[in-house]
Amino acid sequence: MPGPSFNATRAVTVGAPPERIWPWLVQAGLTRAGWYSYDILDNLGRPSARRIIPELQHLAVGDIVPMSPDGKHGMPVQTMDAPKSMIWGTPGDTTWTWQLDPMSDGSTRLISRVRSRYRWLSPTIAFSLLLEFGDFWMMRKMLLNVRDRAEAAP
């Protein structure tokens, strides 16, 4: 997205190949496996999944990654290239990119990039401001928890 108001790239090295990380990302979302972050804040107090859930492994382009309590509102999946990358969001508004870069030692660099354009007169400005101030802590926690889950998987 050109000229975003908010642009945050976060990354972590995971001691596992992309194939062990990908299932955790595919099942993410409110009313799904959670966000692996601070569950009291971003998962309505429900614990995020600690296992791969087979019935949540069928995310496809056009599906919604739920971000609302009813599971109906969220970010549509724009692209998927399993297990390398996927993009959620609405081009020109907000995009959330996931990229998994394999390393020569068998680990993976897991990269998350959120880009958003603020709409100052929209009701979504509250979400935008929350994103601005909470992203660092929430995304850090999510990346570390995905790392820990993928590394612990058999």
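Among contacts in the protein between residues at least 6 apart in sequence, what percentage join residues at least 24 apart? The share is 57%, where contact means that heavy atoms lie within 4.5 Å.

This is a predicted model, in which local features need pLDDT of at least 70 and side-chain atom pairs count only at pLDDT 80 or more, while totals for chains, interfaces and linings use all residues. Residues are numbered from 1 along each chain as its sequence is written, and side-chain values use heavy atoms, with hydrogens and water left out.

**The whole chain**

Begin with a cartoon view, in which the protein shows three helices and six strands; helices (H or I, at least four residues) and strands (E, at least two) are DSSP runs, numbered from the N terminus. Followed from the N terminus, the elements run β-α-α-β-β-β-β-β-α. Switching to a surface, the protein exposes about 8,200 Å², of which carbon and sulfur atoms supply 59%; accessible areas come from the Shrake-Rupley method with a 1.4 Å probe, and for residues only the protein chains shown count as cover. Of the 154 residues, 42% are buried, where buried means under 20% relative accessible area, exposed over 50%, and partly exposed in between (1.4 Å probe, protein chains only).

**Helix H1 and the core**

Select helix H1, residues 18-26, which is mostly covered, since seven of its nine residues are buried. These buried residues are Pro18, Ile21, Trp22, Pro23, Trp24, Leu25 and Val26.

Next, select Trp88, Trp96, Trp98, Leu110 and Met142, which touch the most other members of the largest nonpolar core, a set of 34 residues. H1 supplies at least two residues of this core, and so does each of strand E1 (6-14), strand E3 (74-81), strand E4 (85-90), strand E5 (94-102), strand E6 (108-116) and H3. A nonpolar core is here a set of buried Ala, Val, Leu, Ile, Met, Phe, Trp, Tyr and Cys residues joined through side-chain atoms within 4.5 Å. In soluble globular proteins, nonpolar side chains tend to be buried together.

**The aromatic rings**

Keep the tryptophans displayed. Rings of Phe, Tyr and Trp (its six-membered ring) pair if their centres lie within 6.5 Å, with planes under 30 degrees apart counted as stacked, over 60 as edge-to-face and the rest as tilted. Tryptophan 88 and tryptophan 96 are both buried, and together with Trp35 and Trp98 they form one aromatic cluster.

**The loop between H1 and H2**

Move to the loop between H1 and helix H2 (39-42), where threonine 31 lies. The phi of threonine 31 is near 75°, a positive value in a residue other than glycine, and this residue is partly exposed at a relative accessible area of 35%. Tyrosine 36 is in the loop between H1 and H2 as well, and has a positive phi of about 60° although it is not a glycine. Is tyrosine 36 buried or exposed? Tyrosine 36 is buried, with a relative accessible area of 1%.

**Two further loops**

Select serine 68, in the loop between strand E2 (64-66) and E3; at 10% relative accessibility, serine 68 counts as buried. Leaving aside residues up to four places away in sequence, serine 68 touches Leu30, Thr31 and His73. A C-alpha to C-alpha distance of 9.9 Å separates serine 68 from aspartate 42, with the two 26 residues apart in sequence.

Then go to the loop between E3 and E4, which holds proline 83. The peptide bond from alanine 82 to proline 83 is cis, with omega near -15°.

**Helix H3 and the surface**

Finish with helix H3 (residues 125-152), where tryptophan 137 is placed.

Last, display arginine 147 and aspartate 148, whose side chains meet in a salt bridge at 3.0 Å, N to O. The count of salt bridges comes to one, a salt bridge being a side-chain nitrogen of Lys or Arg within 4 Å of a carboxyl oxygen of Asp or Glu. Aspartate 148 is partly exposed at 36% relative accessibility, and arginine 147 is partly exposed at 23%.
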